[in-house]
Amino acid sequence: MSTTTTETTAPGLTVSATQPKGRMALDGSPTNYGDFRDALNRDGYAVIKGAIPLERAQKYADEFYSYLEGFDLGYKRDDPSTVKRANLPVINEKGMILAYGVTHEKWVWDIRGEPGVIDTFAKVYDDEDLIVSFDVVNVQFANREDMPENKPWPHQDQDPSKPGFRCLQGLVNLNPAGPNDGGLIVCPGGHRLSEQFHAEMADEPRIPAWTPEWFGYTEKGMKWLSDHGLEWVKVCCEPGDLIVWDSRTPHYNLPPAGNQDRLAIYTCYMPVAQASQEDLIKKKGAFEKRLGTTHWPNAVHVAGSNIAMRNGEPCPKSRDRPIQEPVLNDRTFKLTGIPYIKAAV
């Protein structure tokens, strides 16, 4: 494996290190990348400042609000009194819009295609041949009164029986996200202790989950994290910043406690080499039907439909396709995985 040697000089100190090239191990060992990867390896998460230029990030935020207003249910961005369940598309208690084909809206795909976002993941994997998740969007309104309480739900998005670095998750932030503005809460360093945690807590009853690729932390598990010196941190960022985190890093989100709405687009990439041909064929079907795949780019899970349920009935505003179909260039089309499907012999 080839290596690159870098030097860091401080007053009275010169440190030389050899940094392996190739996919990051994300094992917590000291690194000398000289960029966000050092924080990512150490803490299990990192903020990439200005991954999307501010002007474009503000444009995407405007498109997000226009999308919500476009349902014609009564929501108006400049009238807080219209922030009510009946005036909005179906949004779950975590702030996620899961249906309506939103994961394939043009503005969502435009964000996925941002060079600064794609290149971040390419650096982590040292691989340009990536595929992207068809993940959802998140909106959490400030001062909203008619949503069920969003209690902390600390979890990792990785099956404990499959240890090691497997998936790098990400979200693009579109509104200011300060200490009181809601958003991602992480437990820095939790990825390094994940294997030890699951070995020592193997007998702890698991919180029921719809997929083994989700593990929720019980009160006993939370105490274990605390007893091992881990603390929870609110990730603060600006419009256009990208947050990435190892799926083993404990995390959750909270709604705003201040006066700023939270707007976020979940986006995750991995090398196409990690997907089988069967995965890619399933992913192609999801793309053609405009269905979501959660954060796993290799289509571990595919949504059954785009129909949103409202009060036990299909939402009258449900649709099978996005309002604006995506417009893909060569690079974003490759992200669908379709060009990598081999013709049957």
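Buried means under 20% relative accessible area, exposed over 50%, and partly exposed in between (1.4 Å probe, protein chains only). The model is predicted: local features need pLDDT of at least 70, side-chain atom pairs count only at pLDDT 80 or more, and totals for chains, interfaces and linings use all residues. Residues are numbered from 1 along each chain as its sequence is written, and side-chain values use heavy atoms, with hydrogens and water left out.

**Exercise 1. Describe the largest cavity and its lining.**

Step 1. On a 1 Å grid over the protein atoms alone, a cavity is a set of points where a 1.4 Å probe fits but cannot get out; lining residues have an atom within 4 Å of a point. Grid points are joined across faces, edges and corners, and a volume is the space filled by probe spheres set on the points.

Step 2. Count. There is one cavity of 30 Å³ or more. The largest holds about 40 Å³.

Step 3. Read the lining. Leu171 is one of its residues, and others include Asn173, Leu184, Val235 and Arg262. S8 and strand S9 (183-186) each give at least two lining residues.

**Exercise 2. Trace the sheet around S6.**

Step 1. Write the order. Six strands form an open antiparallel sheet, S3-S12-S8-S14-S6-S4; two strands pair if DSSP finds at least two bridges between them. S3 (45-48) and S4 (96-97) are the edge strands, each pairing on one side only.

Step 2. S6 (137-140) and S14 (262-266) pair over four bridges. Val137 stands opposite Ile265. Asn138 has Ala264 as its bridge partner in S14. S4 and S6 pair over two bridges, with Met96 opposite Asn138.

Step 3. Check the faces. In a regular strand the side chains alternate between the two faces of the sheet. In S6, Val137 and Val139 on one side and Asn138 and Gln140 on the other are all buried.

How values were computed: On a 1 Å grid over the protein atoms alone, a cavity is a set of points where a 1.4 Å probe fits but cannot get out, and a pocket is an open set with protein on both sides within 12 Å along at least five of seven lines; lining residues have an atom within 4 Å of a point.
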